[in-house]
Amino acid sequence: MAPFAIRTRTAVLRWLLPVALVAATLVGTLPARAQLGPCDQPQPVCDVRAAVFAISAFDPVGSAVRIAPNRLVTARHVVADEKEATLFLADGTPLTAQVVPSAYPADLVFLEVNGLPAGPSLTAAEATPGSGLFTVGADVGRQQIRAYDPGRTVALPAPDHPLARLHHTAYSQPGNSGGALVDAEGGLVGIVASGGEGRFEAIPAAALTALAAQSGTDFAEASAEIGAAVRICTTLVEDHQARPGRLDDQQAKAIATACGRSGNRQLFDLAGQTLGRGGAGEAAVALFERGLAEDPNAINTRLGLVITHHLLRDYEAELPHLHWLMDRAGDDLQVLRFAIQAGTWGGDTALARRAFEHLKQVNPQTAPAAERFLNQPPPRPPKLAN
């Protein structure tokens, strides 16, 4: 069982990538129409579609949620440092949306749209453990605002972590960033932020109060700095993905600095992935650890940290994170395979055996190879210097 490669953003969304960040690789322009088509979800969820709009800004495809007659909210990474966004009505009519400056460090920003036709606004609600949730956002392929099949709450925002996210399994895809995560009654529990591998995240709707307190013209300078960091971080990462290879010290420092200044945890993760793949393991670990300090329930962040330690062959450093992951994502084949390898080479045979026993249940066809590894492990690879 060889160590796993870290996927790029153009592959399956394995690594907590911003869902709209991938949109540019799938479509060149925003759909001309974003109509309301058939809907198979509960009626209150279907009704939410009238309060969600397709938008285009730094990312060519995103979504925004109406929360007042002329005010919407979207994901900061969709607009970056743009001062305006284009909002599309259901008939394809474009309107100009003004980005409201904000110093709020989470992935949220308000939009103001004059002349927006009358329609429903969503009100904040609170998710509960295990509750059913639905993503509503712009579907690029169908060219409509879509309510997707339901998922459930996996973890509520971690207490005493003001930037922690709501973790859930409600499906989302490129173009949904900034869209609505709602309960079965149509209450807005979160704003869609990122996702992959069946694990998705939203900024909890409760954060809108904090966003409002840090938004307005008084925050223009800080807003410009955050937006520029989002743009620079995203551009640097995409440049490296287009020309992969080992990063030199200057490149690694630029990525770590810009992505760190963005304040955006999903960009910490994306930068950590890029730095780890480019040979800057220490800088990658620092960003992943910063992300976990902000949101300890972030499974993909923790898995990214495990992979980085694995690439550095620092198996002992993986062990506490793998114990945590086994308790919360123990059906994930990557978690099981890393636990078997790191547990064996890092001296935690109980973890390795636990992962193996579970692997036999969830993926029995791979169990013989895993058992051979356990019984006759190859010599431990030496730890790499960063």
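**Ground rules.** I worked on a predicted model, where local features need pLDDT of at least 70, side-chain atom pairs count only at pLDDT 80 or more, and totals for chains, interfaces and linings use all residues. Residues are numbered from 1 along each chain as its sequence is written, and side-chain values use heavy atoms, with hydrogens and water left out.

**Entry 1: helices 9 and 10.** I looked up how helix 9 (residues 315-329) sits against helix 10 (residues 333-345), and found an angle of about 145° with the axes 9 Å apart. Helices here are DSSP runs (H or I, at least four residues) and strands are runs of E (at least two), numbered from the N terminus. Axes are lines fitted to C-alpha atoms, for helices over the stretch in contact, and angles run from 0 to 180 degrees between N-to-C directions. I then listed the contact (heavy atoms within 4.5 Å). Helix 9 brings residues including Leu319, Leu322 and Met326, and helix 10 brings residues including Phe338, Ala342 and Trp345. By class I noted 12 nonpolar, 1 polar and 2 charged residues in this contact. Nonpolar means Ala, Val, Leu, Ile, Met, Phe, Trp, Tyr, Cys and Pro; charged means Asp, Glu, Lys and Arg; the others, Gly among them, are polar.

**Entry 2: cavities.** I searched the whole structure and got 4 cavities of 30 Å³ or more. A cavity is a set of points on a 1 Å grid over the protein atoms alone where a 1.4 Å probe fits but cannot get out, and lining residues have an atom within 4 Å of a point. Grid points are joined across faces, edges and corners, and a volume is the space filled by probe spheres set on the points.

The largest cavity holds about 70 Å³. Of its 10 lining residues, His167, Arg199, Phe200, Glu201 and Ile299 are the closest to the centre. Strand 14 gives the largest share of that lining, 3 residues. I count 4 nonpolar, 4 polar and 2 charged residues there.

The second largest cavity holds about 40 Å³. Its lining includes Pro105, Asp107, Arg165 and Glu294, and divides into 4 nonpolar, 2 polar and 4 charged residues.

**Entry 3: strand 4.** I followed strand 4 (residues 71-74) to strand 3 (residues 62-68), an antiparallel partner joined by 3 bridges. Strands pair if DSSP finds at least two bridges between them. A hairpin through 2 residues links strand 3 to strand 4, and Ala68 stands opposite Arg71. Strand 4 also runs antiparallel to strand 7 (residues 109-112), with 4 bridges; there Thr74 has Val109 as its bridge partner.

Definitions and conventions:
On a 1 Å grid over the protein atoms alone, a cavity is a set of points where a 1.4 Å probe fits but cannot get out, and a pocket is an open set with protein on both sides within 12 Å along at least five of seven lines; lining residues have an atom within 4 Å of a point.
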